[in-house]
Amino acid sequence: MRGTWSLAGKPLHAPEHVQRLSLLVGRAAATAAPRLRELALARCQLRAAAAEVLMPALVQNTSLTALDLRHN
């Protein structure tokens, strides 16, 4: 579905993976289309440090309406 990114179950515990994701989420906020509306990060082994890296990009993305962080 357009606007939905699912990385559920993909391990994102490595800092470089989270940095790349943060960059992509930030870029999605800056482009006209496609807009990122839903982001599924369930079971991605995210840690507190990863959340700190990802948070600024999530905050600036005004089109995001659903964020799934279950089981991290």
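## Contacts of a loop histidine and the fold around it

Leaving aside its neighbours within four places in sequence, H13 is in contact with C44, Q45 and R47, where contact means heavy atoms within 4.5 Å. This is a predicted model, in which local features need pLDDT of at least 70 and side-chain atom pairs count only at pLDDT 80 or more, while totals for chains, interfaces and linings use all residues. Residues are numbered from 1 along each chain as its sequence is written, and side-chain values use heavy atoms, with hydrogens and water left out.

H13 sits in the loop between β1 (4–6) and α1 (15–30); helices (H or I, at least four residues) and strands (E, at least two) are DSSP runs numbered from the N terminus. One of its contact partners, R47, is 34 residues away along the chain, yet the C-alpha atoms of H13 and R47 are separated by 6.6 Å. H13 counts as partly exposed because its relative accessibility is 43%; on this scale buried means under 20% relative accessible area, exposed over 50%, and partly exposed in between, with a 1.4 Å probe and protein chains only.

**Overall fold**

The protein has two helices and three strands, and read along the sequence these follow the pattern β-α-β-α-β. Along the principal axes, its C-alpha atoms fill a box of roughly 30 × 20 × 15 Å. The radius of gyration is 11 Å, which agrees with the value near 11 Å for a compact globule of 72 residues; it is taken over C-alpha atoms, and the globule rule is 2.2 Å times the number of residues to the power 0.38. Of the 72 residues, 35% are buried. Among contacts with a separation of 6 or more, 81% join residues 24 or more positions apart.

The buried residues of α1 are V18, L21, S22, V25, G26, A28 and A29. They lie on the same side of α1, because they cover an arc of only 155° around the axis, the arc being that of the directions from the helix axis to the C-beta atoms. The face turned away from this buried side carries the exposed residues R20, R27 and A30, whereas the buried residues of α1 are covered by elements that include β1, β2 (38–40) and α2. A28, which lies in this helix, is 11 residues from L39 in sequence and 11 Å from L39 in space, C-alpha to C-alpha.

The largest nonpolar core has 15 residues, of which L12, V25, L41 and L46 touch the most other members. The elements that give two or more residues to this core are α1 and α2 (48–60). Such a core is a set of buried Ala, Val, Leu, Ile, Met, Phe, Trp, Tyr and Cys residues joined through side-chain atoms within 4.5 Å. Not counting residues up to four places away in sequence, L41 touches L7, L12, L21, L46, L54, L67, D68, L69 and N72.

**D68 and the salt bridge**

D68 belongs to strand β3 (residues 66–68). With residues up to four places away in sequence again set aside, D68 touches L39, A40, L41 and A42. The structure holds one salt bridge, defined as a side-chain nitrogen of Lys or Arg within 4 Å of a carboxyl oxygen of Asp or Glu. The bridge joins R70 with D68, and the closest N and O atoms are 2.6 Å apart.

**Positive phi angles and accessibility**

R43, in the loop between β2 and α2, has a positive phi of about 55° although it is not a glycine. H71, in the segment after β3, is also a residue other than glycine with a positive phi, near 60°. The accessibility of these and other residues is set out below.

| Residue | Relative accessibility | Class |
|---|---|---|
| A28 | 7% | buried |
| D68 | 18% | buried |
| H13 | 43% | partly exposed |
| R43 | 45% | partly exposed |
| H71 | 64% | exposed |
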